[in-house]
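Visitor: I'd like to walk through this structure one question at a time. Could you show it to me first?

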Amino acid sequence: MKRDSFVKKESRWLYHKTCINLECDFGHWFIKRHWALLLVYKLTKLKSLARFIAFVEKTDFKKHYLRNIKRLNYQPIFDEHLLNVERTIRRLEEFPNPLKSIRLKCAHGFNNDQATSLNVVNHGDIIISAGIAYYAHLWARSLQLLFTIKEQEAPKINLKDRFLGWYSNRMFRRSCVAHLLKDHTNAFSLLFIIPEDDSLLFGMEIFVVAHEYSHLLLHEYGVNRFSLNKYYSSDLLPEILANEENICDAISMIVLANMIENGRYYLYAPCIFFAILSYIITFKKGQETESNSKREVYLERLMNELSPINEFVKLDSCLNDVFNINRKRINRTFQWKRRLFNYFIGIVSDLYEITNNE
């Protein structure tokens, strides 16, 4: 089987997931534009109106939605991250040489694919969902502003910092609700403040690339080619060697710690990423939350061994404050929007049942 056809076959799950998210997002977009028409149909049950709305829906999807959706191309960013990861691995004497002909594909067909959708495909092919970069941008840019204010330790917060704090919390809430609802358009915020040190964002993205690259290295060389005992204590090694995911996380954190352009938040970024995922899923009742929270704790242990100064304790309290301040508003907005969406989807389903039976 050819390599390209193998990748295409193995990545069908990602294509299917993207289609589901695309359909869900279009549902939100269509309801926002035509909620009044749907309510009129709900009250009148006119078949002619049902046919008209069905026609508008098809026209909107083809002529407006697909053309106007902002498809952000993150491929160049991830290509650069892959080169930096390979350069770093080449510099580490304790690591084997990087693999040749590694291809990384950033699946950017739809930006609202979930931030946890990533996969290694075959030997030498990595597929990563653009949702990782999309939400990493939103979360990193909003939280880093708050971290900067927190680290200033000013005795009195000025008006500018108050505005930035309000803006950052608002952007964080919108991105969380959008992730929960798969509502791409709801996540858009004015990302007009870009920090000089963008290491919180890059740390999240590079960690994902390095983690997936580590899978390929392990399959090629085996774990014995990595001198992990030179970086981690004997107390932590049994947990690291417990499974492949833990090993790849440990290798990825070493790569982040040894990047040539080592940004301030590189090691802390993966911890924040999984802390946010663990936080967001708590709003979906009945879903498992232990996996992300355990991974966050594990990554913090790795971080503390690679950087024992533990300079991020203050930022942990800032992150917890953000979670606590916004919890009620996120939950209230999410529950209200979900009920509203389900209500209008019921109208659309009824409408299509009538038009399809004619």
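Visitor: Which helix does Ser48 lie in?
Guide: Here a helix is a DSSP run of H or I with at least four residues, a strand is a run of E with at least two, and both are numbered from the N terminus. Keep in mind that this is a predicted model, where local features need pLDDT of at least 70, side-chain atom pairs count only at pLDDT 80 or more, and totals for chains, interfaces and linings use all residues. Residues are numbered from 1 along each chain as its sequence is written, and side-chain values use heavy atoms, with hydrogens and water left out. On that numbering, Ser48 lies in helix α3.

Visitor: Is Ser48 buried, partly exposed or exposed?
Guide: Buried means under 20% relative accessible area, exposed means over 50%, and partly exposed is in between, using a 1.4 Å probe and protein chains only. Ser48 has 45% relative accessibility, so Ser48 counts as partly exposed.

Visitor: How far apart in space are Ser48 and Thr355?
Guide: Along the sequence, Ser48 and Thr355 are 307 residues apart. In space, C-alpha to C-alpha, the separation is 9.3 Å.

Visitor: Where is Lys45, and what is its phi near?
Guide: Lys45 sits in the loop between α2 (12-44) and α3 (47-68). With 40% relative accessibility, Lys45 counts as partly exposed. Most residues other than glycine have a negative phi. Lys45 has a positive one, near 60 degrees.

Visitor: Which residues is Val40 in contact with, leaving aside its neighbours within four places in sequence?
Guide: Val40 is found in helix α2, and at 41% relative accessibility it counts as partly exposed. Contact means heavy atoms within 4.5 Å. With those neighbours set aside, Val40 touches Lys45 and Leu49.

Visitor: How are α5 and α10 placed relative to each other?
Guide: Two packed helices are described by the angle between their axes and the distance between the axes. The axes are lines fitted to C-alpha atoms, for helices over the stretch in contact, and angles run from 0 to 180 degrees between N-to-C directions. The axes of α5 (residues 130-152) and α10 (residues 268-281) come within 11 Å and cross at roughly 105 degrees. Angles under 35 degrees count as roughly parallel, over 145 as roughly antiparallel, 65 to 115 as roughly perpendicular and the rest as oblique, so α5 and α10 are roughly perpendicular.

Visitor: How many residues in the contact of α5 with α10 are nonpolar?
Guide: Among those making the contact are Trp139 and Phe147 of α5, and Phe273 and Ile276 of α10. Ala, Val, Leu, Ile, Met, Phe, Trp, Tyr, Cys and Pro count as nonpolar, Asp, Glu, Lys and Arg as charged, and the others, Gly among them, as polar. The contact has no polar and no charged residues, and the number of nonpolar ones is 10.

Visitor: At what angle do α7 and α10 cross?
Guide: The axes of α7 (residues 199-221) and α10 come within 8 Å. That pair also counts as roughly perpendicular. The crossing angle is roughly 80 degrees.

Visitor: Which residues have the most contacts inside the largest nonpolar core?
Guide: A nonpolar core is a set of buried Ala, Val, Leu, Ile, Met, Phe, Trp, Tyr and Cys residues joined through side-chain atoms within 4.5 Å. The largest has 86 residues. Those with the most contacts inside this core are Leu143, Phe172, Tyr232 and Ile240.

Visitor: How many residues are in the second, separate core?
Guide: Cys24, Phe30, Leu38 and Leu351 are included in that core. Its residue count is 19.

Visitor: What percentage of the protein chain's residues is buried?
Guide: The chain's secondary structure comes to 12 helices and 3 strands. The chain has 358 residues, and the buried part is 51%.
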